[in-house]
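Take a walk through this model.

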Amino acid sequence: MNITGLLLVSILFPFLAAVLVPLTRRLGADEGRTALFAAGLTFVLCFLTALYARAGFTGDIFVAMPLGLSAHFAGDGVSAFMACAASFLSFIIMYYSQGYIKDSGHKAEYYAACMVFLGAMTGLVYSVNLAWIFVFWEITAICSWRLVGYFRAKADVAKANKTF
């Protein structure tokens with residue numbers, strides 16, 4: 001796979017995993033382990049993109065759209081490093097959160113929100129168009145709001161609203 005393919009997959013895979021994580025519960029698998037595997041795979045994809053960028057290759061994806069909303073993503077050394085940092089930190093967060101999320105009744109929602117957050121972060125760092133940077137930034141804001149108020153206590157919801 002070339003760097004452009006890695007770039008595309010590393011952006012889209014976390015969003016796909018966010019849809020698949022709740023479905024794994026119906027199949028009898030643990031959502032936390034599925035999300036942890038998906039975050040680890042996203043890190044590997046971002047790391048491979050960083051290796052390509054270090055070797056001097058750059059990935060470029062451009063999808064023409066009207067009204068200046070063309071999707072343009074580029075993978076260079078700095079963006080690949082930031083994607084690696086975001087995906088590695090997401091992996092660590094999901095690993096350590098398994099202890100205090102395991103007794104929650106709606107942990108699939110938590111892990112799906114984490115995966116959407118990860119996908120938005122990779123899209124944010126690889127995006128070249130300001131409109132798409134804004135879109136991905138807003139997705140991270142909505143996910144942060146949802147994750148801060150995850151336990152749904154009155155104080156948690158107040159903190160989440162303040163965060164938003």
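A residue counts as buried under 20% relative accessible area, as exposed over 50%, and as partly exposed in between. This is a predicted model. Phenylalanine 57 has 48% relative accessibility, so this residue is partly exposed. Tyrosine 52 is partly exposed too, with a relative accessible area of 29%.

Now look at the rings. A pair of aromatic rings is described by the distance of the centres and the angle of the planes. Rings pair if their centres lie within 6.5 Å, and planes over 60 degrees apart count as edge-to-face. The count comes to 11 aromatic pairs. In one of them, tyrosine 52 and phenylalanine 57 have ring centres 6.0 Å apart and planes at 75°, so the pair is edge-to-face. Elsewhere, Phe15, Phe73, Trp132 and Phe136 form one aromatic cluster.

Phe37, Leu41, Val44, Phe47, Leu48 and Leu51 make a nonpolar patch of about 530 Å². Valine 44 sits in helix H2, which covers residues 31-54. Its relative accessible area is 40%, so valine 44 is partly exposed. The accessible surface of the protein comes to about 9,100 Å². Carbon and sulfur atoms account for 72% of that area.

Step back to the fold. The protein has six helices and two strands. From the N terminus, the order is α-α-β-β-α-α-α-α. The C-alpha trace spans about 45 × 35 × 25 Å along its principal axes. A compact globule of 164 residues would have a radius of gyration near 15 Å; the protein has 16 Å, which agrees. Buried residues make up 41% of the 164. Of the contacts between residues at least 6 apart in sequence, 70% join residues at least 24 apart.

Notes. Residues numbered from 1 in each chain as written. Predicted model: local features only at pLDDT ≥ 70, side-chain atom pairs only at ≥ 80, totals over all residues. Heavy atoms only, no water. Patch = residues over 30% accessible without salt bridge, like charges linked within 9 Å, V, L, I, M, F, W, Y side chains within 5 Å. Areas by Shrake-Rupley, 256 points an atom, 1.4 Å probe, with all protein chains shown as cover. Salt bridge = Lys/Arg side-chain N within 4 Å of Asp/Glu carboxyl O. Helix = DSSP H or I, 4+ residues; strand = E, 2+ residues; numbered from the N terminus. Buried < 20%, exposed > 50% of the residue type's maximum accessible area, 1.4 Å probe, protein only. Phe/Tyr/Trp six-rings, centres within 6.5 Å; stacked < 30°, edge-to-face > 60°. Rg over C-alpha atoms; globule rule 2.2 N^0.38 Å. Contact = heavy atoms within 4.5 Å.
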